[in-house]
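Here are my notes on this model. Please read them with the coordinates open.

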Amino acid sequence: MSNIINHSEAKKAQISLHENKNQLIIIIHDNGKGFDSEKLNEIEGFGLNRIRVRIKKLKGSFSIISRANENTGTSIKIKVLIS
């Protein structure tokens, strides 16, 4: 949420949580300006990279759909097994 507030220039953001077949699924979407998600691996200390590492430790998945300056927003999907 901090990145959305500080960087996206979004007017709306949505977070949804649900469970399906022992997986917690978190979807975060905003309608902001977006960013080049291909550069995530190049930027040391980027908050989303730290989240990605945590999800990997939990054997989950993490995906981002975003394009820089296209005003199509950003969507992030996280899946983590729960028991």
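**Notes on the model**

1. Leaving aside neighbours within four places in sequence, Ser-66 is in contact (heavy atoms within 4.5 Å) with Gly-34, Phe-35, Ser-37, Gly-73 and Thr-74. Ser-66 lies in strand β3. At 9% relative accessibility, Ser-66 counts as buried (buried is under 20% relative accessible area, exposed over 50%, partly exposed in between; 1.4 Å probe, protein chains only).

2. This is a predicted model: local features need pLDDT of at least 70, side-chain atom pairs count only at pLDDT 80 or more, and totals for chains, interfaces and linings use all residues. Residues are numbered from 1 along each chain as its sequence is written, and side-chain values use heavy atoms, with hydrogens and water left out.

3. The side chain of Ser-66 has two partners to check. A polar contact of 2.8 Å joins it to the side chain of Thr-74. A polar atom of the Ser-66 side chain also lies 2.9 Å from the backbone nitrogen of Phe-35. A polar contact is a pair of N or O atoms within 3.5 Å; within protein, one must be able to donate a hydrogen and the other to accept it, and residues adjacent in sequence count only if both atoms are side-chain atoms.

4. Look at two backbone angles. Phi of Asn-22 is near 60°, and so is phi of Lys-59. Most residues other than glycine have a negative phi. Asn-22 sits in the loop between β1 (13–20) and β2 (23–30) and is partly exposed, at 48% relative accessible area. Lys-59 sits in the loop between α2 (47–57) and β3 (61–66) and is exposed, at 69%. Helices (H or I, at least four residues) and strands (E, at least two) are DSSP runs, numbered from the N terminus.
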